[in-house]
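Let's walk through this model together, starting with its covalent cross-links and ending with a pair of packed helices.

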Amino acid sequence: MVSRYFSYLFCGLLALVFRFSTAQTLPGFDFDSACSSIASELSIPNATVFLAQLVPAGTSITFPDSDPTCQPSGSSQLVPEDICRITMFVATSNRSGINMEAWLPRDWTGRFLSTGNGGLAGCIQYADMAYGSALGFATVGANNGHNGTSGRPFLNNADIVEDFAFRSIHTNVLVGKEVTQSFYGTPHTKSYYLGCSTGGRQGLKSVQDFPEDFDGVVAGAAAADWNHLMAWSGNFFLITGPPSAPTFLPINEWTNLVHADILKQCDLIDGVQDGIIEVPDDCNYDPTDLICGSDGGTDCITAEQAETVREVFMPFFINGQLAFPRYQPGAESITSVLLIGGQMFTFTADWFRFVIFNDPNFDVNQLGPSDWALAQELDPFNISTWKGDISAFKNRNGKLITYHGQADPLISPINSERYFNLVSSTMNLSTSQQDDFYRLFRISGMGHCAGGAGAWEIGQTLDGSAENVSAGSLTLDPDRNVLMAVVQWVEEGVAPDTLLGTKFVNDVPSSGVQFSRRHCRFPLKTTFDGSGDSTVPDSWSCQ
């Protein structure tokens, strides 16, 4: 249930929003003066304003008060455009609350943007704050209701778990909109969301349970079906065993031997040998050729290790029921050590210790099917985020874009297809009907949210344009910027058929473009036309 404190906060904010519902921008609005006075003028239930400061474009902000697991010592964030930065704390109960920030740009477009988080982390993603404000959005972010990357704050405090499950993002939106309105003297025109991984799950949670929060949502690599995801992630330890087990493969053998063999079998399925499996769904990998012969060898694996590889690439079942899709061939990478490195996945360990069992000494190496089933049964605060009926969001003309890297080593990209299909079946929608408000894009060769061998830069992060930020060259082209694509869809009714991805040389924008590719909306496949230069987008089409 929503806490008494949260109910009070919500009712208070509704009154404030109503109070300002007819406000207009004041004539002669003075940005600098507004920033200097906003801290004393804000009056929001259960909120404490710490700071309001003018931050000029080109400033690098450091975060000395941030948990060191969020912002390592010496790290900073470049602010591309002038902003008024507001920091505050909002209590969500008598033993929980969120730290949040609003970055309000001088050149405001009238748009509002909320950003998400990652993993179990209680870390504001400042790069996303910088990105959104540079594009003219009044941008907010919150710390997920706790500080740092550990799940330990969840221990014996269900209110913090509730913040993590949904309340941090929703409170951040309610307060953020009021701060924006109070600062500029006029309400926002449209409201948007941008997040990936846990941030993707938060975006879907908003669509499912708080359809009024956003007009447009971009949710990448969503950690949806959360409890089954935690179980799937932990189950890899049961497959690989520890490094001393005969079933275990060192990560270098995954990245060198197994990955090379997968590309040998599956890279050419799409007609181009480029180190990218365009649609991994079509790859049915068999590791038999890697098994050592009778004379042994160094570039081979044992039959027992080959069975480990087979099991890693199989769907995950709990008590005979499909719980989560398979790990996709081509996703094995250095990052895969988090799942197949011979130890229990950190997030799974923390989730079961501090949430499911409330026992910091619980031996996570003993987790198994009964524990996986228990987590799904408990489903704290409906964190599963697996609701197929999103008609309330659809009916208010909301637009949802999801994307998923096809080489994601942490969350199977098939899971995003599963959710797309769940919505379709639950709401009894044809593909064309679903296309009217919800589109999924499979980004070939993209790792977890970013990076990888493919044309992964789709405007989802600041990273791909980081070197060019100070020059003011962030793209507003909706063809190449997924955030601006959802803006165009919401505000002009033009839906994206493809997202044009870019691969920079060595992932450094100033080094130039290595190649580009148009990524098709699901269920269409990006298909090589069989001739021409495969690095040119026009050599591919949607089939």
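A disulfide here is a pair of cysteine sulfur atoms within 2.5 Å. This is a predicted model, in which local features need pLDDT of at least 70, side-chain atom pairs count only at pLDDT 80 or more, and totals for chains, interfaces and linings use all residues. Residues are numbered from 1 along each chain as its sequence is written, and side-chain values use heavy atoms, with hydrogens and water left out.

Searching the whole structure turns up six disulfides. One of them joins Cys-35 to Cys-84, with an S to S distance of 2.2 Å. The torsion about this S-S bond is about 85°, so the link is right-handed. Helices (H or I, at least four residues) and strands (E, at least two) are DSSP runs, numbered from the N terminus. Cys-35 sits in helix 2 (residues 31-41) and Cys-84 in strand 4 (residues 83-93), 49 residues apart. Cys-35 is buried (under 20% relative accessible area; exposed is over 50%, partly exposed in between, with a 1.4 Å probe and protein chains only).

Next, look at Cys-196 and Cys-449, whose sulfur atoms are 2.0 Å apart in a disulfide. Here the torsion is about -95°, so the disulfide is left-handed. Cys-196 and Cys-449 are both buried.

A disulfide also connects Cys-520 to Cys-542, S to S 2.1 Å. Cys-520 is buried at 2% relative accessible area, whereas Cys-542 is partly exposed at 30%.

Finally, the helices. The axes (lines fitted to C-alpha atoms over the stretch in contact, with angles from 0 to 180 degrees between N-to-C directions) of helix 6 (residues 226-240) and helix 8 (residues 303-312) come within 10 Å and cross at roughly 165°.
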